[in-house]
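Student: I would like to learn how to read the features of a protein model. Could you take me through one with the structure in view?

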Amino acid sequence: MTVTVLASGFCFIQAGGASASAELLYRYGGMYSSAIARHEYWRLLAYGFLHVNFVHLTMNMLCLVLWGGHLERRVGAAYFLIIYLCAMVFGAVIGNGIHSTPYLTVGASGATSGILGALLCLWILGKLDVGFDFFAINIGLNIAFAFGNSRIDWGVHLGGFVAGLIACALLDLVEKANVYVLRCKFPEVVKVNLTLLACVTALWTWSGQAQAVAAGASGWGLMVIMVVACSAVVKLVDLALSMKKGLAIVVTALAGVNAAAVVLCGWALAFSCWPHLPIGYIPLDNFLVFFCSNPVLISGLAAIGAAAVTLWLCSKEMSRGLEDVGFVGTSLRAERGRRHGL
């Protein structure tokens with residue numbers, strides 16, 4: 001919610017009012033008809049954090065409050081993030097496939113519809129203690145609101161809802177399989193950090209795949225390598241958590257990896273933006289000029305900040321890991337054994 005409000009608010013500030021123009025929304029990541037064909041995969045995520053006006057933003061954030069709390073308390077922050085982003089991405093993909101004419105789409109509606117779909121999945125699995133009237137009322141209100149507004153993108157709503165339902169079902173299967181594959185139940189902050197790193201890796205892989213396709217090569221090999229590498233990292237974390245003081249080792253390693261990821265992203269941004277600086281176009285340009293002129297300094301400071309924030313957010317886990325005399329790994333293994341599915 002914070003990221004969405006900041007991103008949408010930035011567009012409103014740029015527009016000088018409580019609404020953003022189509023030009024601004026397109027510039028900052030709005031999803032449009034040729035985005036996938038042009039390999040602009042970053043728009044599959046960016047569009048979900050932008051909104052047309054304050055009313056649009058308020059409605060979507062209200063849905064996030066009303067539905068998101070139920071889901072996050074049930075599946076945890078990491079799986080909530082996975083479901084939210086999957087609904088956002090596949091909602092855009094389905095919406096793009098349905099549109100036969102040029103369009104521009106922004107908003108978190110696909111992602112919030114995915115939350116509702118995931119809740120319906122949990123209810124079907126018998127893992128959510130709400131009545132059917134909860135879904136009848138919320139789905140009915142959304143349909144009624146959509147009929148009353150011709151600008152609503154049905155494809156994104158429907159695609160997000162189905163994606164959320166399927167993603168939740170798959171995560172339930174993953175959790176059941178993890179009992180036989182992983183020893184420990186990962187602490188939530190570790191799961192969230194690994195999820196965010198996986199998202200960054202996926203974006204980098206998509207970018208590399210797009211370049212390979214543009215060059216006439218196959219990008220699937222890169223995808224396979226990413227999946228294998230991510231699986232290996234998860235297993236290494238699992239083994240580390242089962243060790244004495246392993247939780248402290250994992251938190252420290254995540255802080256270092258986060259810092260390295262920030263440095264690599266900063267250098268990649270500096271390399272790509274330096275020859276194409278849009279000087280004098282928008283107020284953000286001055287920052288881009290300064291950043292691209294001092295990429296090492298700014299990336300280094302950002303990396304230090306990322307490591308510090310990681311240690312701060314994981315301070316409880318760090319303390320627990322440092323004080324461990326051999327019981328943390330046992331308790332995490334016991335938690336894994338008690339949980340079957342979401």
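Student: Which side chains meet Asp-238 or Lys-235 in a salt bridge?

Tutor: A salt bridge is a side-chain nitrogen of Lys or Arg within 4 Å of a carboxyl oxygen of Asp or Glu. In this predicted model, Asp-238 and Lys-235 pair with each other, at 3.3 Å from N to O. Both sit in helix α10 (residues 220-241), three residues apart, about one turn of the helix. Helices (H or I, at least four residues) and strands (E, at least two) are DSSP runs, numbered from the N terminus.

Student: What should I know about the numbering and the cut-offs behind the model?

Tutor: Residues are numbered from 1 along each chain as its sequence is written, and side-chain values use heavy atoms, with hydrogens and water left out. As the model is predicted, local features need pLDDT of at least 70 and side-chain atom pairs count only at pLDDT 80 or more, while totals for chains, interfaces and linings use all residues.

Student: Which residue forms a salt bridge with Glu-188, and where do the two lie?

Tutor: The partner is Lys-191, and the closest N and O atoms are 3.9 Å apart. Both residues belong to helix α9 (residues 188-214), again three residues apart, about one turn of the helix. Glu-188 is partly exposed because its relative accessibility is 30%, and Lys-191 is buried because its value is 10%.

Student: How many salt bridges are found in the whole structure?

Tutor: There are eight. Among them, Arg-43 and Glu-40 bring their closest N and O atoms to 2.6 Å, and both of these residues are buried. Salt bridges can also form a network, as Lys-127, Asp-172 and Lys-176 do.

Student: What does the largest nonpolar core look like, and which residues have the most contacts inside it?

Tutor: In soluble globular proteins, nonpolar side chains tend to be buried together. A nonpolar core is a set of buried Ala, Val, Leu, Ile, Met, Phe, Trp, Tyr and Cys residues joined through side-chain atoms within 4.5 Å. Here the largest has 50 residues, and Leu-71, Tyr-84, Ile-115 and Leu-119 have the most contacts inside it. Its largest share, nine residues, is supplied by helix α5 (residues 77-98). A second, separate core has 14 residues, including Cys-184, Val-250, Leu-254 and Val-328.

Student: What does Ile-115 touch?

Tutor: Contact means heavy atoms within 4.5 Å. Leaving out residues up to four places away in sequence, Ile-115 touches Leu-64, Trp-67, Gly-68, Leu-71, Phe-80 and Tyr-84.

Student: Which residues make the nonpolar surface patch?

Tutor: Patches are made of residues with over 30% relative accessible area and no salt bridge; like charges are joined within 9 Å, and nonpolar side chains (Val, Leu, Ile, Met, Phe, Trp, Tyr) within 5 Å. Accessible areas come from the Shrake-Rupley method with a 1.4 Å probe, and for residues only the protein chains shown count as cover. Met-1, Val-5, Leu-62, Val-65 and Leu-66 make a patch of about 440 Å². Helix α4 (residues 54-75) gives the largest share, three residues. Val-5 is in helix α1 (residues 2-15) and counts as partly exposed because its relative accessibility is 37%.

How values were computed. Buried < 20%, exposed > 50% of the residue type's maximum accessible area, 1.4 Å probe, protein only.
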